[in-house]
Amino acid sequence: ILNKSKSEEIIELTRKICKKSNELANLGTKSQIISKTFTESSSQSAIDIKPILKNVSADIDRRFKHSTITVECADSLTAQADHRLQVLIENLADNAIRHNTSSTPEVFLSARAVEDDLVKLTVADNGPGIPKTEQQVITAEEEISSLTNASGFGLWIVRRLTKEYNG
């Protein structure tokens, strides 16, 4: 029979194993997304932005029950993009929720026309902001390495796609 302290130690170790397993699974998923996103051919055309934002919102609502997500976008707003725009927005929204320390994480997705051929997309949240090391991944001051947090892959995807969209 295990004494109480050994039992608590086993429970804590089991939690750590589960957490690391989830992190590893997330890393594998991100790797698959990177491969699919940048190896499939795609061509940009005028796409409706609001359904993309609504899809991301529904996905966040399904995966993160404790969060709130708000979408603001005109019904007829289009931009020159492709299916990868949803990948970009999903990565930003996921990052905003996953790394938010608020008791009720909030994400705000907004898109609006700023010129005839330019759309401004905003992903805002009530979290602590992006850590300096991960900001460097976005600005290309630092490449992703084995020392970089796995969430940096999502930000790398964002950086790469944003450049492809001339953003």
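This is a predicted model: local features need pLDDT of at least 70, side-chain atom pairs count only at pLDDT 80 or more; totals for chains, interfaces and linings use all residues.

Me: Which residues lie nearest the centre of the largest pocket?

Reply: Residues are numbered from 1 along each chain as its sequence is written, and side-chain values use heavy atoms, without hydrogens and water. A pocket is an open set of points on a 1 Å grid over the protein atoms alone, where a 1.4 Å probe fits and protein lies on both sides within 12 Å along at least five of seven lines; lining residues have an atom within 4 Å of a point. Of the 26 residues lining the largest pocket, those nearest its centre are Ala-79, Leu-118, Val-119, Leu-121 and Tyr-165.

Me: Which element gives the largest share of this lining?

Reply: Elements are DSSP runs numbered from the N terminus: helices (H or I, at least four residues) and strands (E, at least two). Among those supplying at least two lining residues each are β3 (78-81), α3 (84-98) and α5 (151-164). The largest share, five residues, comes from β5.

Me: Which element has the lowest mean pLDDT?

Reply: The mean for the protein is 82, and 79% of its residues reach 70 or more. Strand β2 (residues 68-73) has the highest mean among the elements, 95. The lowest, 71, belongs to helix α4 (residues 132-138).

Key:
pLDDT is the predictor's confidence in each residue, from 0 to 100.
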